[in-house]
Amino acid sequence: MKKVIDANFFQIPELEDYLKSNIGNMVVFPDFACMEAYKGNAIKNISKSIEIISRYPDHVIVLKGTRDVIKQTLVPNGYQKLEDTDQTQGFKIFCLGVYIALRGDVTTANQILEKGKLATNHFDKMQKDAALVAKAIEERAKSFKPTETIDKIIKEILLLTALLFKKHPDVYEMPQTNQVPNSYIFRFAVCAYLLMIRWISDGGIGNVGLDKLRNDTVDMNYVAYATFYDGLLTNDKKMMEIYQEACFILENTFNTKPGGG
């Protein structure tokens, strides 16, 4: 099994249970998880975050950055491997470096601190971008009614997908129809739309604060990544439910089987 890990799952015993239960169980690190691990005191936080997983370095898959993933999932003949081979193979050495830095190696510590600054800046930018996405979702929500038919919901998902394609800096032209279901942007749009429905059912999108809009939207990246693999490791009930709903929609509405990453 290959499951995408949410940052909230790094330090709980269930992670080790998952890794110990089967030699084939793998943890998939998207860039969001990596960046969240660096937030705050980079050396201390990254050390805590990888405490469990560092004991199983051969069970880790590190993915390419999201912008590269978006490009990889828009290739004409189906998406290519999303794995960052160098970072995956070097994960054991990375864990050793964190151990050395924590024990006072200044050179290694400075390297980690620099990465932490870059990660924090990039994550802040992504949160700002997420606020723009949340605004796009809010616009779509204005036309949503609880009695919408499945055909209308499908149309709204595709409209949101088209809007995200149009706004993304790495998408220079609209993809062909057969490229859309396996694209990261489409799968993110499915998850984001399901999130929107939850916001509305919980009292209306107007009652959701900007911080929550932004943070929930960032969370949908984890869920979207999970649809390319075998599941999601998270203790967030809402994220898990949206993942299951997204898989159902992909398979039964868009004839796209989740997994296979």
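Tyrosine 99 lies in helix α6 (residues 91-102), helices (H or I, at least four residues) and strands (E, at least two) being DSSP runs numbered from the N terminus. The model is a predicted one, in which local features need pLDDT of at least 70 and side-chain atom pairs count only at pLDDT 80 or more, whereas totals for chains, interfaces and linings use all residues. Residues are numbered from 1 along each chain as its sequence is written, and side-chain values use heavy atoms, with hydrogens and water left out.

With a relative accessible area of 46%, tyrosine 99 is partly exposed, where buried means under 20% relative accessible area, exposed over 50%, and partly exposed in between (1.4 Å probe, protein chains only). Together, Leu96, Tyr99 and Ile100 make a nonpolar surface patch of about 280 Å²; patches are made of residues with over 30% relative accessible area and no salt bridge, like charges being joined within 9 Å and nonpolar side chains (Val, Leu, Ile, Met, Phe, Trp, Tyr) within 5 Å.

In helix α1 (residues 13-21), the buried residues are Leu15, Glu16, Tyr18 and Leu19. These residues cover an arc of only 155° around the axis, and therefore lie on the same side of α1, the arc being that of the directions from the helix axis to the C-beta atoms. The buried residues of α1 pack against β1 (2-5), β2 (26-29) and β4 (232-233), while Pro13, Lys20 and Ser21 are exposed on the other side of the helix.

Eight salt bridges were counted, each defined as a side-chain nitrogen of Lys or Arg within 4 Å of a carboxyl oxygen of Asp or Glu. One of them joins aspartate 170 to arginine 67, with the closest N and O atoms 2.6 Å apart. This pair links distant parts of the chain, 103 residues apart, with aspartate 170 in the loop between α8 (150-167) and α9 (184-201) and arginine 67 in helix α4 (residues 66-72). Aspartate 170 is buried at 11% relative accessible area, whereas arginine 67 is partly exposed at 44%. A salt bridge also forms between the side chains of aspartate 216 and lysine 238 (2.9 Å, N to O), both of which are buried.

In the segment after α11 (237-252), threonine 256 is buried at 7% relative accessibility. Leaving aside neighbours within four places in sequence, threonine 256 is in contact (heavy atoms within 4.5 Å) with Pro181, Asn182, Arg187, Leu250 and Glu251. Asparagine 255, by contrast, is exposed at 70% relative accessibility.

How values were computed
Accessible areas come from the Shrake-Rupley method with a 1.4 Å probe; for residues, only the protein chains shown count as cover.
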